[in-house]
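Dear colleague,

I am passing on the structure we spoke about, together with some notes on what came out of it. Please read them beside the sequence and the model.

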Amino acid sequence: MNYLSVENISKSFGERTLFENISFGINKDQKIAFVAKNGSGKTSILKIINGDDTPDTGQVVLRKEIKMEFLSQEPNLNPELTIEESIFASDSEILHVIEAYEKALENPEDEVAYQKAFERMELHNAWDFETQYKMILTKLKMEDLKLKVKNLSGGQKKRLALAIILINKPDLLILDEPTNHLDLEMIEWLENYFAKENITLFMVTHDRFFLERVCNEIIELDNGKLYQYKGNYSYYLQKKEERIAAENASIDKAQNLFVKELSWMRRQPKARTTKSKSRQDDFYVIQEKAQSRRKEHVVELEINMERMGSKIVELHNISKNFGDKAILDNFSFNFKRGERIGIIGKNGTGKSTFLNMITETIPVDSGKVVIGDTIKIGYYTQSGINPKPEQKVIDIIKEYGEYIPLSKGRTISAAQLLERFLFDRKKQYDFVERLSGGELKRLYLCTVLIQNPNFLILDEPTNDLDIVTLNVLESFLLDYPGCLLVVSHDRYFMDKIVDHLFVFRGEGVIEDFPGNYSDFRSYEDSSEPTKAELNTVGGDNKKEWKKNNVKAGLTFNEQKEFSKIEKDIKDLEREKATIEKQFADGTIADADIAKKATDLEKILKQLDETTERWFELSAKLE
């Protein structure tokens, strides 16, 4: 059954065309993800579907009697209502029945009102609905129902809007980045809820685990054309690669034919027959096809990282409290070169506060944060860019200089740098406030990286970035030689780039877990720790968590070592090549030759030992 049809819609802003003649349908029980690059008009399409915007051409047709709800990135809630009043403000009859029953419970002395409310609950069979409604509020941490909307944080407002939509049980649910502002526990609950519920979804999300486990169809807007894939994220990746290969093969074939037909066109006499006229028409079709090579514009990330000394960042018994709430309690840790740490935990456990203490944005209550003399911190915060009124994109970058230094002594102009971050010359002179959410994040990422940090701190870097940019960012971070500290609810992202985790449990308890997020979830599922068993950083109890779940002949520590060893080999190869090049170029001072030779000898020995260890572990895998 068709719920909604989008028919030939187009949208432009001034001279900029977002999309043209877009058509697709949403049918009962489909769970569709809509995928496109930032700035392609994803949010505009969602707003058009919801009736918050109108297309320049075309129309959206919603089937009669279909109840549709829309979760936007910025929920529209009445600030003067409480959480409870916001929930019961909908036109759902069953919610009004539950509301009357809740009020009757508050006034048990009015037996007549209570009996009437009880009978209505029975009549509408509202008991199961009430149980589920309370479960949704609990899972989304909406416990204090008397709080006013105006006193809620941005994340709490998003969760309230999501709760209201789920409680109302629509036939069709339209979602714009539903996992933003949710902690990992909430995301996993929502993922399971959508996967098992008979609900029709159409969503924009960058959460690739969500795409994999919830969606049964993906619609992609790519270079102005729509492509539909009947499967999850893995299927989409496979079929997209096949489609692009087929398109390129078709274009190559057309180009060969074009060369042949172009030669024929040049030889034709002025007096053309009907047959040759038909061939001329075919020529122009072939020409268009031959010149339709995909324009693959990908963000280019590069950094001229500052040299890093032996002292990185040291945390000595730091503590932090907000009133009676403990965030950190005598926490100590010394960062090492190349450390790659992910931070996870429920909202409100102090993850961002921890980052702000390391960057000395807020003071510690006790203890000491020591930053090495050579350390240059790059801090990507959730707040992002705060542009001045009518400030243009290029002005943001020019604040750091007309020319930006790159590696190997090269420089690049502000305009050229922006082009690498997919801001063309025209876009560079747009006002910053006109950028989409994803474009703002991309611009902000640019401002952080051009400062050439060697200690990179990222607080929710994946929010609002498109999947293409996320893949480029992940590749960049995998090769990033400095220290990395990242807070993220993107499980796919965390799995790919971190070596171990700080798990914020609340009440000042932080655990150091040796593995990525999927490892942590496997550990949690296999052994639910009690509070008495929790160890702070340095505890060894986590290191045996996979003892009875050995995979492919490797213990957990060996698996962790194997995943890290390839990076170590790559780093050693890089150091070896650098020293060998210095010898070849004759750039080493006479006084340093002996030391450099010794360094090279150590690197070669370490490289041999590391490679030998890699072969040992590889043999176990086999």
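To begin with the cysteines, Cys215 is buried at a relative accessible area of 5%, and Cys446 is buried as well, at 0%. Here buried stands for under 20% relative accessible area, exposed for over 50%, and partly exposed for what lies in between, with a 1.4 Å probe and protein chains only. The structure holds zero disulfides, a disulfide being a pair of cysteine sulfur atoms within 2.5 Å.

Before going further, please keep in mind that this is a predicted model, in which local features need pLDDT of at least 70 and side-chain atom pairs count only at pLDDT 80 or more, while totals for chains, interfaces and linings use all residues. Residues are numbered from 1 along each chain as its sequence is written, and side-chain values use heavy atoms, with hydrogens and water left out.

Two cavities of 30 Å³ or more are present; a cavity is a set of points, on a 1 Å grid over the protein atoms alone, where a 1.4 Å probe fits but cannot get out, and its lining residues have an atom within 4 Å of a point. The second largest cavity holds about 60 Å³ of space, the volume being that filled by probe spheres set on grid points joined across faces, edges and corners. Among the residues lining the second largest cavity are His206, Asp207, His489 and Asp490. Because domain 1 (2-234) and domain 3 (313-515) both give residues to this lining, the second largest cavity lies between them; the domain bounds come from an automatic or database domain assignment.

Helix 11 (residues 351-358) is mostly covered, with six of its eight residues buried, including Phe354, Leu355 and Ile358. Just after helix 11, Glu360 takes a positive phi of about 60°. Helices (H or I, at least four residues) and strands (E, at least two) are DSSP runs numbered from the N terminus.

Two further residues may interest you. Gln30 sits in the loop between strand 2 (16-27) and strand 3 (31-36), where Gln30 is buried at a relative accessible area of 11%, and its side chain reaches the backbone nitrogen of Asn27 at 2.6 Å. Val60, in strand 4 (residues 57-62), is partly exposed, with a relative accessible area of 26%, and the C-alpha atoms of Val60 and Ser5 are separated by 5.8 Å although these residues are 55 residues apart along the chain.

With best wishes

Technical notes: On a 1 Å grid over the protein atoms alone, a cavity is a set of points where a 1.4 Å probe fits but cannot get out, and a pocket is an open set with protein on both sides within 12 Å along at least five of seven lines; lining residues have an atom within 4 Å of a point. A polar contact is a pair of N or O atoms within 3.5 Å; within protein, one must be able to donate a hydrogen and the other to accept it, and residues adjacent in sequence count only if both atoms are side-chain atoms.
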